[in-house]
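Q: Could you take me through the reading of a structure feature by feature, giving the general idea and then the case at hand?

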Amino acid sequence: MDAGALYNPRTVEEVFRDFKGRRAAMIKALTTEVEDFFQQCDPEKENLCLYGFPTEQWEVNLPAEEVPPELPEPALGINFARDGMQEKDWLSLVAVHSDAWLLAVAFYFGARFGFDKADRKRLFNMINELPTIFEVVTGTVKKQVKEKSSNSNHGSNRSKSNSKRGSEPHPRYTKAVQSKDEDEEGLEDDDEDEHGETLCGACGENYASDEFWICCDICEKWFHGKCVKITPARAEHIKQYKCPSCTNKRARP
């Protein structure tokens with residue numbers, strides 16, 4: 001498997017763009033497309049690896065045949081542990097190794113194209129601004145945001161919103177048009193305070209007030225509507241929203 005066959009990024013910005021594409025792909029495999037990923041990781045098959053590509057596509061495949069490989073290789077044999085541990089623990093393990101692989105690929109490009117100390121530091125800082133795949137998959141980022149918000153002046157607003165979960169007949173969601181319909185300007189500010197540091201459970205990107213978001217009523221993670229293929233119109237008719245990961249967990253025996 002030549003995971004670098006498409007192109008070779010040569011600048012810090014290009015390497016970071018390559019990193020983000022591969023990262024987005026692997027996050028999809030471990031969250032919104034986890035059912036397909038689970039099925040492909042058959043323990044009866046040979047050593048399998050999870051590859052992420054700059055095009056935001058992922059693939060489960062055998063490792064590269066050439067030695068040494070064109071790029072650093074991801075962890076081998078992720079399929080062997082699939083049925084020997086809890087699914088969430090298995091996904092977390094794959095996520096950790098995926099994070100390590102992404103860094104290895106990024107700094108492989110840095111070494112190959114002669115990044116100096118300043119360039120390497122800038123690349124790492126850009127990468128470090130994003131949550132890791134492990135943090136996205138396990139929900140660690142959301143927990144950190146909750147802790148930070150509880151210490152802020154607006155923490156009570158967030159807690160109040162979460163406490164309403166049991167009595168709400170519809171899932172929690174936000175959409176850009178809501179702020180235009182509100183009579184009081186302060187309501188828009190409250191929405192920004194509540195969600196400003198929230199990260200999408202699928203892609204790991206930040207909340208933006210001009211995007212539609214929806215919250216899973218099971219795991220309480222927030223998602224871009226576009227990431228989970230839910231539109232504002234469809235959300236109006238959903239009594240209890242379950243994200244793809246929670247839906248797959250309940251469907252699987």
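Predicted model: local features only at pLDDT ≥ 70, side-chain atom pairs only at ≥ 80, totals over all residues.

Q: Is R23 buried or exposed, and which side chain of opposite charge is nearest?

A: Side chains of opposite charge can pair when their charged atoms come close. R23 is buried but has no salt bridge, and the nearest side chain of opposite charge, that of E205, is 4.0 Å away. Buried stands for under 20% relative accessible area, exposed for over 50%, and partly exposed for what lies in between, with a 1.4 Å probe and protein chains only. A salt bridge requires a side-chain nitrogen of Lys or Arg within 4 Å of a carboxyl oxygen of Asp or Glu; as for charge, Lys and Arg count as positive and Asp and Glu as negative, while His and the chain ends are not counted.

Q: How many salt bridges does a search of the whole structure find?

A: The search finds six, one of which joins E70 and R112, with the closest N and O atoms 3.2 Å apart. Because E70 lies in the loop between β2 and α3 (87-112) and R112 in helix α3, the pair ties together parts that are 42 residues apart in sequence. E70 is partly exposed at 30% relative accessibility, and R112 is likewise partly exposed, at 41%.

Q: Which residues are linked with D119 in a network of salt bridges?

A: The network links E13, D119 and R122. Within it, the side chains of D119 and R122 meet at 3.9 Å, N to O, and both residues belong to helix α4 (residues 117-128), where they are three residues apart, about one turn of the helix. D119 has a relative accessible area of 23% and is partly exposed, as is R122 at 36%.

Q: How should I read the strands, and which residues of β2 form its covered face?

A: In a regular strand the side chains alternate between the two faces of the sheet. In strand β2 (residues 58-61), W58 and V60 make up the covered face, while E59 and N61 make up the uncovered one. Strand β1 (residues 49-52) runs antiparallel to β2 and is joined to it by four bridges, where pairing calls for at least two DSSP bridges between the strands. Among the partners, Y51 is bridged to E59 in β2.

Q: Which residue in the hairpin of β1 and β2 takes a positive phi?

A: Most residues other than glycine have a negative phi, and most peptide bonds are trans. In this hairpin, which has five residues between the strands, E56 takes a positive phi near 70°, and E56 is partly exposed at 41% relative accessibility. E220 also has a positive phi, near 65°; E220 is located in the loop between β4 and β5 and is buried, with a relative accessible area of 19%.

Q: Which residues does a cis peptide bond join?

A: The cis bond joins V67 and P68, with omega about -5°, and P68 is placed in the loop between β2 and α3.

Q: What span does α3 reach from its first C-alpha to its last?

A: The expected span of a helix is 1.5 Å times one less than its number of residues. With 26 residues, α3 reaches 37 Å, close to the 38 Å expected, and α3 is followed by G114, whose phi is positive, near 70°.

Conventions. Residues numbered from 1 in each chain as written. Heavy atoms only, no water. Helix = DSSP H or I, 4+ residues; strand = E, 2+ residues; numbered from the N terminus.
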